[in-house]
Each structure stands twice: as C-alpha cells, then as structure tokens.
Amino acid sequence: QVQLVESGGGLVQAGGSLRLSCAASGRTFSNSRMGWFRQAPGKEREFVASISWSAGSTYYADSVKGRFTISRDNAKNTVYLQMNSLKPEDTAVYYCAVNPVVGTTRAEGWGQGTQVTVSS
C-alpha cells in the first residue's frame, strides 16, 4: 500500500505562485501514474493534472493549462505541482493521488491534502 504526504500549501495573493510536493512511500512509485486533484468548499473533487510513470505524458484540466506544471522525481519518490498565476478560484484542498483512473476522480490511494488559499 502506498502512503502519500503532501506539503507546500499556504496563503498567497492572486498572481502569486506555490509549489506543492507529494512524497510517496510503501510501493514502487516509479511504476505508478500520479495525479493532483482539488476540492473547493461546497464543491466536488476535481481533476487537476496527472503524469505518467516515465513523465513522458502529462494531462491538465482546462482551468489550469498554461499556469500549472506537474513533474516528478522518481529518485526522490516525489511528485510536484508548480502553480503560477494563481487565482482566487484555485482556492481548494489539493490532494495527491496514485494511479488515478482517467476521466474520473477515482484513484488507488490518496494523500491527506494540503490547503491552498488565494486571496484577491
């Protein structure tokens, strides 16, 4: 079973940047697709980005394309989400996920989440 621990969330002004990290342990991280999801208050969890095990392919939600970048370091068992040009509507709890099911909000495992708050 995989354990995921997110970090890097916080409070930032609109237009600012944050980098989230997700440290994985407990299984072969390098063979797993990884993803980031988010859930805003009163809303359902939504897909943000995902990356293949080799980092050869990445996918993004339309709402974050051109602003967010997902990456991974298999030597460190860590996946990152660089968030630039943040907007108040990006405010949410961000979750790291292992082997997300494409087109859904299902995954094999989840982290505990990290809060991102963007002030206007």
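Which residues form one aromatic cluster? Select Phe37, Phe47 and Trp110, and you have the cluster on screen. Keep in mind as you look around that this is a predicted model.

The structure holds 2 aromatic pairs. Start with Phe37 and Phe47: the ring centres are 5.7 Å apart and the planes meet at 75°, so this pair is edge-to-face. Colour the strands and you'll see Phe37 in β4 (residues 34-39) and Phe47 in β5 (residues 46-51), so the pair ties together parts 10 residues apart in sequence.

Next, show Phe37 with Trp110. This pair is edge-to-face too, at 5.0 Å centre to centre with 70° between the planes. Trp110 lies in β10 (residues 109-110) and Phe37 in β4, so here the parts tied together are 73 residues apart in sequence.

Phe37 is buried, with a relative accessible area of 1%. Phe47 counts as partly exposed at 26%, and Trp110 is partly exposed at 30%.

The charged end of Arg45 sits over the Trp110 ring, 4.4 Å from its centre.

Last stop: the open sheet of 4 strands, antiparallel and ordered β1-β3-β8-β7. Its edge strands are β1 (3-7) and β7 (68-73), each pairing on one side only. Neighbouring strands in this sheet are turned by 15° against each other on average, direction ignored. Zoom in on β3 (residues 18-25) and β8 (residues 78-83), which pair in the antiparallel sense over 6 bridges. To finish, pick Leu18 and find Met83 opposite, in β8.

Conventions:
Residues numbered from 1 in each chain as written. Predicted model: local features only at pLDDT ≥ 70, side-chain atom pairs only at ≥ 80, totals over all residues. Heavy atoms only, no water. Pairing = 2+ DSSP bridges. Helix = DSSP H or I, 4+ residues; strand = E, 2+ residues; numbered from the N terminus. Axes fitted to C-alpha atoms, helices over the stretch in contact; angles between N-to-C directions. Phe/Tyr/Trp six-rings, centres within 6.5 Å; stacked < 30°, edge-to-face > 60°. Buried < 20%, exposed > 50% of the residue type's maximum accessible area, 1.4 Å probe, protein only. Lys NZ or Arg CZ within 6 Å of the ring centre and 35° of its normal.
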